[in-house]
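We will go from stop to stop, selecting as we go.

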Amino acid sequence: MTSTTQDNSPKRKQRIINCVTQLPYKIQLGDSNDDWKISATTGNSVLYSSLEYLQLDSTGYEQHVVGWTGEITRTERNLFTREAKEKTQDLDDDPLYLTKEQINGLTTTLQDHMKLDREAKTDTAQAPAAANNVHPVWLLRKNQSRWRNYAEKVIWPTFHYILNPSNEGEQEKNWWYDYVKFNEAYAQKIGEVYKKGDIIWIHDYYLLLLPQLLRMKFNDESIIIGYFHHAPWPSNEYFRCLPRRKQILDGLVGANRICFQNESFSRHFVSSCKRLLDATAKKSKNSFDSDQYQVSVYGGDVLVDSLPIGVNTTQILKDAFTKDIDSKVLSIKQAYQNKKIIVGRDRLDSVRGVVQKLRAFETFLAMYPEWRDQVVLIQVSSPTANRNSPQTIRLEQQVNELVNSINSEYGNLNFSPVQHYYMRIPKDVYLSLLRVADLCLITSVRDGMNTTALEYVTVKSHMSNFLCYGNPLILSEFSGSSYVLKDAIVVNPWDSVAVAKSINMALKLDKEEKTNLESKLWKEVPTIQDWTNKFLTSIKEQATSDDDVERKMTPALNRPVLLENYKQAKRRLFLFDYDGTLTPIVKDPAAAIPSARLYTILQKLCADPHNQIWIISGRDQKFLSQWLGGKLPQLGLSAEHGCFMKDVSCEDWVNLTEKVDMSWQVRVNEVMEEFTTRTPGSFIERKKVALTWHYRRTVPELGEFHAKELKEKLLSFTDDFDLEVMDGKANIEVRPRFVNKGEIVKRLVWHQHGKPQDMLKGISEKLPKHQMPDFVLCLGDDFTDEDMFRQLNTIESCWKEKYPDEKNQWGNYGFYPVTVGSASKKTVAKAHLTDPQQVLETLGLLVGDVSLFQSAGTVDLDSRGHVKNSESSLKSKLASKAYVMKRSASYTGAKA
Ligand SMILES: O=P(O)(O)OC[C@H]1O[C@H](O[C@H]2O[C@H](CO)[C@@H](O)[C@H](O)[C@H]2O)[C@H](O)[C@@H](O)[C@@H]1O
Ligand SMILES: [Mg+2]
């Protein structure tokens, strides 16, 4: 029915929760923690300009920014006094204890800054910016840079093809735990901000686990999560070297859309998913005409594509052509009169190619003597955060040696051909250099997107007073920008001779040739506004189109809650499917035997007298007895989807189908044999009751096609025998309808916990609640396991009516029906785990074999990054109190 009333309510803006590694501000505390200074941070300027753009009302979005505060430092330290030096030594140990009031005060100041920035950028008077739209993530533990270690020392090098021998030693394990906590802290903060319908946009490799954590946190199937990867994504040969490769991919595939700077990075990512997660991918073109993949992983879909980031061209042109910069340009020109100026600006790390640039410049001067004394290379190298690492120190030495050698070989007393500045330069100086350059030289050996290239082309597009319009750009083919700036002079930075030749050619271009080049290049520069809009529009479209196909997302299992519930429960029941749940699916059913790790975990679970563990499988008795019951008699077993049962700590099997007519087996077997002959690679598994036709080893298309046909044929007569035909994992199974895994579950839950089963007796629903399990973890991967989940859901509804006052502290009865597969898999389970590996990690967590931080789960952290209520959190609270008292005492002392 359509409504005739007009909706006059103001249209609600689409809310975006933008998650960045660090807020665009730097916080410095003075001597007292109530005295702080907030300034803009350097770096990441392109992403920050996207945040600024989204602050504008005209975009139609309401943006909320979630980000870490970055390391909070103290302002007053003067490094030159002895006293100050001593103070600096324990800077790392400075605890920076902030009270709740101080944190609130700082948050308000940060929010005011964002508002002011927005107002400064808005020409016309517009509606006020969303109140409180900056949400800092506070992580104030000692050595604040700990949160960066895993991202910067393990992920970053691997993504840039620098292989550090990663040994998973103690130190690296701690980095990983911190990395997990960093992501957890974001999930927690987003939990405070998120409203249904919000789009969550996550940026870059510090937050690779966040998408999956959010799925775990929000029981909201409509949650929309987009991820943009700003750095390069390596080929699988490099990526697979990361010991945590699987956890990383698992974390990321929680997003609806994963986007990269270019097609080669998205292709690498898809290839990693295929090889490491056994994913499949369908390739097509997206609306911007670049490759797009529908990646099916753990039975669900993720969209993967690319969209190169841009720059704020309007702002750059506005900033670069001011009177102040005119005069700066003039003075640089005067300093290098009659000389061609080549400009380079890079961070000094091993991938920006400063060494390659200097070598190429040296070769250029050697090959073209006519240019000596006619060309200067102004190279600005900004220090990285890891300035004291041995690699950076070695690099600095190498660069200094090259600069000295070029200058002594080709310079003289009045002139040095290389002017190297190892420093951060202010924006106006940077823009002056771009303007003054006759040529810009970018020789990075790997980067995601080199924004200097985009900014240079932007500046050169303007008709300046200094006749630098259209001056050329030499760009490394390994830079992400070369995928966008297709008309730049593209070079291989490792080939010094070729780069030298290109420099010579570029410097000789006449005005017309330069103008020609620039007119093409300028059009190739993406703008930040366009990039932001395209990303958000396409993720919105994706969400709406998914709505049409009825998207239902199952949240990831909240493992910390499970652990807590497990610890408190006294009557625990475990209901495990076997294939695809406790062990990965493999080609040959006979090869899917339990791993040593699984045995250890099952042994530990069985050793606890509060636990009853059942394996409820489609496998036959022989297999289950040989590989499970024979080794661990404490296990309860159910074979052939509920046809047979063997009680806990008992040897005898009971046949629940004893009285059933089995004449159907001949007929089913005949049909299956016919299909086996027609389908090379297929075979029949004949169990006591059930028959299974396997087609995993056939040509996939043929196997699938014949499976469909076989199913139809079987269905045409199985009703007469009251049989069920089931579509399993690359198999078709037939068994009597009246037995199923759900029936077994019913029998096990409605039962006095720990007492032997009378298998042939019916169940009693009259048992008092306190005799039945208070914790039920039910895991399964397949269609047949849905019967177990459905049964648990039914019992739960029944208990709600029968025992409304006997819920646990989480407001339920401790039932965990969990499917093994992706979040988007169709299921009646309440949560999901991605695969058998995650199942073992989860069970390992319960028996104390796995630390909570080995893989991400939802953990409550305090504002310092300690697990809430943990020993370290309590210690830290006490220390904080002592610190505040000490400070106020010394402050009053100083005053007196
Ligand atoms: O209920 P389950 O414990 O999950 O058993 C279901 C069926 O699993 C086995 O087949 C499946 O796993 C094989 C080994 O990984 C794989 O090769 C096959 O393609 C899968 O269908 C088993 O062979 C069947 O008897 C079970 O019914
Ligand atoms: Mg299974």
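Contact here means heavy atoms within 4.5 Å. This is a predicted model, where local features need pLDDT of at least 70 and side-chain atom pairs count only at pLDDT 80 or more, while totals for chains, interfaces and linings use all residues. Residues are numbered from 1 along each chain as its sequence is written, chains are lettered from A and ligands numbered from 1 in the order in which they are written, and side-chain values use heavy atoms, without hydrogens and water.

**Stop 1: Leu777**

Select Leu777. Leaving aside neighbours within four places in sequence, Leu777 is in contact with Leu562, Leu573, Phe574, Leu575, Phe576, Tyr816, Val818, Leu843 and Leu846.

**Stop 2: the sheet**

Now show the strands. Helices (H or I, at least four residues) and strands (E, at least two) are DSSP runs, numbered from the N terminus. Two strands pair if DSSP finds at least two bridges between them. Eight strands form an open sheet with mixed pairing, in the order β23-β22-β21-β20-β19-β28-β29-β30. β23 (653–655) and β30 (831–833) are the edges; each has a single partner strand, so one side of each lacks a neighbour in the sheet.

Zoom in on β19 (residues 572–576) and β28 (residues 775–780). They pair in the parallel sense over five bridges. Which residue of β28 is the bridge partner of Phe574? It is Leu777.

**Stop 3**

Select residues 559–568, helix α19. This helix lies across β19, β20 (611–616), β28, β29 (815–820) and β30, at about 135° to β28. Next take α25 (residues 786–802), which lies across β20, β28 and β29 and runs at about 160° to β29. Axes are lines fitted to C-alpha atoms, for helices over the stretch in contact; angles run from 0 to 180 degrees between N-to-C directions.

**Stop 4: the core**

A nonpolar core is a set of buried Ala, Val, Leu, Ile, Met, Phe, Trp, Tyr and Cys residues joined through side-chain atoms within 4.5 Å. Buried means under 20% relative accessible area, exposed over 50%, partly exposed in between (1.4 Å probe, protein chains only). The largest core has 86 residues; Phe576, Leu714 and Leu777 touch the most other members. Its largest share, six residues, comes from helix α20 (residues 596–607).

**Stop 5: the magnesium ion**

Finally, select ligand 2. Asp577 (OD), Asp579 (O) and Asp781 (OD) coordinate this magnesium ion at 2.1 to 2.2 Å. Donors are N, O and S atoms within 2.8 Å of the metal (3.2 Å for Na, K and Ca); water is not among the atoms, so sites may look incomplete. Asp577 lies in the loop between β19 and α20 and Asp781 in the loop between β28 and α25, so the pair ties together parts 204 residues apart in sequence. Are Asp577 and Asp781 buried or exposed? Both are buried.
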